[in-house]
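Q: I have a new model open and want a quick tour. Let's start with the overall numbers, then go to the packing.

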Amino acid sequence: MNNNVFRRGVLAAALAAAMASTVSFAAAVSPTGDPARMDLTSLQGQPTFNRFIVTYRQGSSERANRAAAVQTATAALNRAGLVRAGRSVAGAPASVSMRFQRKLAVGGDLLRTSRSLDRTEAEALIRQLSTDPAVAYVVPDVMRHRVRDVAASTLLQPQTVTPNDTYYAKYQWNLKAPDGTVTTEGHANLGGTNVNNAWDLADGTGVVIAVLDTGITTHVDVDTSLGDAGYDFIVDSFVSGRATDGRVPGGWDTGDWTTEEPWLTECTDATHPPEDSSWHGTHVASTAGAELTNNARGMAGIAHGAKILPVRVLGHCGGYDSDINDAIVWAAGGHVDGVPDNTHPAKVINLSLGGPGTCKAKDPAAQAVAAANALGAVVVVAAGNEDIDASKTSPASCPGVITVASTGITSRRAFYSNYGKAVEIAAPGGGVYENDADSGTPVNDGFIWQALNSGATTPVPNDTLYGGYAGTSQATPHVAGVVALMQSARLAAGMALMTPAEVLATLQQTAHAPSVKPPANRRIGAGIVDADAAVRAAVGDGDATVLTNGVPLMGQSGSTGSSTVYMLSVPAGVHTLSLRADGGRGNVSMYVKAGAAGGASDYDYKSARPGNRESVVVPRPAAGSWYVTVVGETAFTGMNVVGSFRAPR
């Protein structure tokens, strides 16, 4: 679409609003509207609204032209008394402007108001939209949950979900709130991830998690519906266990067992002991979300409404970087020659694997991660189990990944977990013992429990075995599952998916500090992942437009007295935060505040130069949400807003 057409349309609407005489809200509201072209029944589901789905008639200019759609909606705002000339008096609701969000698959347009409207205001807008001849139908875009409708005011009032899975209550401390509740093993739970509260808002529906591992096996309590849609990326026949070289369809785990010969002489690690198949991928996938939940059987999975795409990259002796890197790109929806394109692109990729080496930006693994990030996939990686600095391992040290350390039920860093600046966050991986993290007798609370397979070499079909593991491999799918919950909540709210950078910043700002603080030379990132806090933050403040680090939001406009709020998530450790508004015509002031939206009377920083060129620089900003409020001193158009920082490593 021609940006100039769009800007002229918005400018014309803004000028028309500015010239309109100020009228009282009550006098401007039409008492009727067209009942055949609107639905008001959903207005009781939540107290405020800022998103509306408008379906324009076939053949209308509004259906084909977003500028026309915005202009029509702005006119309805004006008729509803929500666009006010000049500044609003103290205590009066701010003037409202309208922005186009996107075209929906069903043909409707999603439009968003610059601030939330209460039920009376929302009803007035809907009624006025319904009177326009170009409008076929209009409804509020309400926030819905898979089980029940969720009103915005209830997002701060969780009602804990307790699944009826057989072993959930006894064994899965890791999914519960870290509230000190004593487990059946006699330990106070200080290391849980608060997943049970997050289930009030999301279950992962609509999100695909790719688990790049040994593949997956069938189990009576595991969703393997995407098993055939996955892929075996192992080329080498020795590693795959197949008769010939080559990749094959299906993400099934056929075993990774080894024996004395020829495995020990062929494996790169000459000390590799003979062992049965690990069925590692089944355990990891179950934690992330493949484990069926609330089915009165076995365990519970974190993002149990998500779909798990198994990708086999580890076989006998392990897996090659060349296969793993190709699989990362393919899993995210990128093209890999010789392999059919992935029909279920993942927005979360779990890598519970690694080995020695430092991964830099030019490394093929880092390039694969960058390609996945560009496609919108969040790549979550295990820090490793060597009790060393994770900067010495790969892909844990790759730029662009979220590297996960392991903690136990006391919240202490697990004795085996890698650590250091390369680690972004921690999650339960097990390994905390009865009296001390580094010694003692293992107990059930020292493990992460999930589905397994009882086959020694080849898998037992539809098995019923569960087992406990400890390792950063188990910590990693906790974070992958939580990311899926975050993205699922945004989908349910009609919001765009978060970028990988936004996901990381949100995870870090919502993490809870471990009760047992790690020493300064054994850092485990921002803290322990908190699923409930992360999901609620991901849905965010409905009045704020989310900024992506370093990406300008182009063509912003507003009327005199308008107030538009933007939000940027900033991770811990940032040296300098830069927030700017520039370009276009008009005059604005900019107010910056940490933690909540501010304004002319409540701000941490401000910039109020003549014109549209405003800038605020914050040295060593606190981690969290930073809000930028742009106030129109006069009508403005064509302005760009950008927030940027250098992400820490």
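This is a predicted model: local features need pLDDT of at least 70, side-chain atom pairs count only at pLDDT 80 or more; totals for chains, interfaces and linings use all residues.

A: First, a term: accessible areas come from the Shrake-Rupley method with a 1.4 Å probe, and for residues only the protein chains shown count as cover. The accessible surface of the chain is about 25200 Å². Carbon and sulfur atoms hold 53% of that surface.

Q: How many residues of the chain count as buried?

A: Of 649 residues, 56% are buried. Buried means under 20% relative accessible area, exposed over 50%, partly exposed in between (1.4 Å probe, protein chains only).

Q: And how many helices and strands?

A: There are 15 helices and 25 strands. Both are DSSP runs, numbered from the N terminus: helices are H or I with at least four residues, strands are E with at least two.

Q: What share of the contacts joins residues 24 or more positions apart?

A: Among contacts in the chain with a separation of 6 or more, that share is 72%. A contact means heavy atoms within 4.5 Å.

Q: Sheets next. What is the strand order in the open sheet of eight strands?

A: The order is β7-β6-β8-β5-β9-β11-β13-β14, and the pairing is mixed. Two strands pair if DSSP finds at least two bridges between them.

Q: Which way do β6 and β7 run?

A: Antiparallel, with two bridges between β7 and β6 (residues 231–232). D232 has V248 in β7 as its bridge partner.

Q: And how does β13 pair with β11 and with β14?

A: β11 and β13 run parallel, joined by four bridges. V380 is bridged to I402 in β13. β13 and β14 also pair in the parallel sense, over four bridges. There, S406 stands opposite A427 of β14.

Q: Is β13 mostly covered or open?

A: Mostly covered: seven of its seven residues are buried. V401, T403, A405 and T407 point one way, while I402, V404 and S406 point the other. In a regular strand the side chains alternate between the two faces of the sheet.

Q: Which strands does α13 lie across?

A: β5, β9, β11 (378–382), β13 (401–407) and β14. α13 runs at about 125° to β13. Axes are lines fitted to C-alpha atoms, for helices over the stretch in contact, and angles run from 0 to 180 degrees between N-to-C directions.

Q: How do α10 and α13 pack?

A: α10 (residues 280–290) and α13 (residues 472–492) pack at about 35°, with axes 7 Å apart. The crossing is right-handed, meaning the near helix is turned clockwise from the far one by less than a right angle, with anticlockwise for left-handed. H280, H283, V284, T287 and A288 of α10 meet S473, Q474, P477, H478 and G481 of α13. Those residues divide into three nonpolar, seven polar and no charged. Ala, Val, Leu, Ile, Met, Phe, Trp, Tyr, Cys and Pro count as nonpolar, Asp, Glu, Lys and Arg as charged, and the others, Gly among them, as polar.

Q: Zoom in on G481. Buried or exposed?

A: G481 counts as buried because its relative accessibility is 0%. Beyond four places in sequence, G481 touches I209, A288, I302 and A303. V207 is 274 residues away in sequence, yet its C-alpha is 10.0 Å from that of G481.

Q: What about S473, buried or exposed?

A: S473 is buried, at 12% relative accessible area. Its contacts are H280, V284, S352 and A382, leaving out residues up to four places away.

Q: How do α13 and α15 cross?

A: The axes of α13 and α15 (residues 531–539) come within 8 Å and cross at roughly 30°. This crossing is right-handed. V482, L485, M486, A489 and R490 of α13 meet A531, A534, V535, A538 and V539 of α15.

Q: Last one: where is S615, and what does S615 touch?

A: S615 lies in β23 (residues 614–619). At 28% relative accessibility, S615 is partly exposed. Its contacts, beyond four places in sequence, are L579, R580, M590, S607 and R609.

Conventions:
Residues are numbered from 1 along each chain as its sequence is written. Side-chain values use heavy atoms; hydrogens and water are left out.
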